[in-house]
Structure formats: C-alpha cells, structure tokens
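Here is a quick tour for someone meeting this structure for the first time. Have a look at the sequence and the model, then read on.

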Amino acid sequence: MATPEASGSGRNGQGSDPAVTYYRLEEVAKRNTAEETWMVIHGRVYDITRFLSEHPGGEEVLLEQAGADATESFEDVGHSPDAREMLKQYYIGDVHPNDLKPKDGDKKPATRMSVDSRRGGPASEEEVLGRQALSGFVKFQQKVTLPKMPKIKRTV
C-alpha cells in the first residue's frame, strides 16, 4: 500500500491533492505479477488484477507492462473511448509528484525502475536497452512505408 510518504497527506509542501493517494514508482514496480498487477497510465495508478482475464488482447500484453508506466503502450494501441471509460474503475491513486516525468525544459530525468517480467526482479541494463530498441523498431515500422523497388532487368 501507499507509504505515509507516498500518501496524499498534503504535508509534502508540493501542492498535492490531499484527497488522492500517491504511490511511488518503486511501490508500483513491486506489483508486476498475475496475483497483483498495477500499472501507470498518464500519471495515474491502476490495479488491473481483476481485469487480466477479461482483456481482449490477452493478459500477456498487460503483464509485460505490469509494474511500470504503460502510457506509451496504451496510447500506441489506440484504445476506444469505452476502454478509457472502463479504466476508471481500476484507478487507485496517482504517481507521487516527485516521480512524475519532467516537463519539457526540466533537466532532471525521472527515475524509472524497470522490471524483468520473468524473474520479478530489477531488469538488467541489457534487457532495458533491448526493450527500448524493440520498441523503437516497432514504432519505426508503424510510421515508415518503404517504396516499392523497381524491377531490374537481368542481362546475361
């Protein structure tokens, strides 16, 4: 659960909403199994454990993002307004303001704990880089259409 530091006590002096429960990304990262599945979408924390078996794309795609910020993946899929409305029932709180990604112009990068979905522990640097490379390649494929090559006449 949220720690006193992470809860919406309003005592952190950062203009946090006292009615909201705040979770640190470290806390979210621990919830990365089928027994307890949390993810972050647009700075909001969702406990989607009950939804795993109902997800039209299969539970595997959700478990790949479990315990992490899934905003980019959620948007890349292009979820319907109904799916976005359904998401509200799984909302449990917001990401702690100190863990939010910086706005453009901020110099300090946000720290994000990546998790190895097979072991449940922190992911190695190679695994993180591999995921980033694969993600970049998939985005590239989605955006780029290669022109058809002209036929080449062979001369023997």
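How many aromatic pairs does the structure hold? It holds three. Before going through two of them, keep in mind that this is a predicted model, so every value below is computed from predicted positions.

## Aromatic pairs

Let's start with Tyr 23 and Trp 38. Their ring centres are 5.0 Å apart and the planes sit at 70°, so this pair is edge-to-face. The angle is what decides the label here, because planes over 60 degrees apart count as edge-to-face. Tyr 23 belongs to strand 1, while Trp 38 belongs to strand 2 (residues 38-41), and the two are 15 residues apart, so the pair links distant parts of the chain. Are these two residues buried or exposed? Both Tyr 23 and Trp 38 are buried.

Next come Phe 51 and Tyr 90. With ring centres 5.5 Å apart and planes at 45°, this pair is tilted. Phe 51 is found in the loop between strand 3 and helix 2 (59-65), and Tyr 90 in the loop between helix 4 (81-87) and strand 4, so the pair ties together parts that are 39 residues apart in sequence. Phe 51 and Tyr 90 are buried too.

## The chain as a whole

Now step back and take in the whole chain. Its secondary structure comes to five helices and four strands. Reading from the N terminus, the order of elements is β-α-β-β-α-α-α-β-α.

The chain has 156 residues, of which 29% count as buried. It exposes about 11400 Å², and carbon and sulfur atoms supply 54% of that area. As for contacts between residues at least 6 apart in sequence, 54% of them join residues at least 24 apart.

## How the strands line up

Which strand runs parallel to strand 1? That is strand 4 (residues 91-95), joined to strand 1 (residues 22-23) by two bridges.

## Around Arg 44

## Around Arg 31

Side chains of opposite charge can pair when their charged atoms come close. The structure holds six salt bridges, and one of them brings together the side chains of Glu 27 and Arg 31, at 2.8 Å from N to O.

Even with their charges, Glu 27 and Arg 31 count as buried here: Glu 27 has a relative accessibility of 11%, and Arg 31 has a relative accessible area of 10%. The charged end of Arg 31 also sits over the ring of Trp 38, 4.6 Å from its centre.

## Two more stops

Another salt bridge joins Arg 84 and Glu 75, where the closest N and O atoms are 2.8 Å apart. Both ends are partly exposed: Arg 84 has a relative accessible area of 32%, and Glu 75 has a relative accessibility of 31%.

Finally, take a look at the loop between strand 2 and strand 3, where His 42 is found. Phi of His 42 is near 55°, which is a positive value in a residue other than glycine. Is His 42 buried or exposed? At 51% relative accessibility, His 42 counts as exposed.

How values were computed: Residues numbered from 1 in each chain as written. Predicted model: local features only at pLDDT ≥ 70, side-chain atom pairs only at ≥ 80, totals over all residues. Heavy atoms only, no water. Pairing = 2+ DSSP bridges. Phe/Tyr/Trp six-rings, centres within 6.5 Å; stacked < 30°, edge-to-face > 60°. Buried < 20%, exposed > 50% of the residue type's maximum accessible area, 1.4 Å probe, protein only. Lys NZ or Arg CZ within 6 Å of the ring centre and 35° of its normal. Contact = heavy atoms within 4.5 Å. Areas by Shrake-Rupley, 256 points an atom, 1.4 Å probe, with all protein chains shown as cover. Salt bridge = Lys/Arg side-chain N within 4 Å of Asp/Glu carboxyl O.
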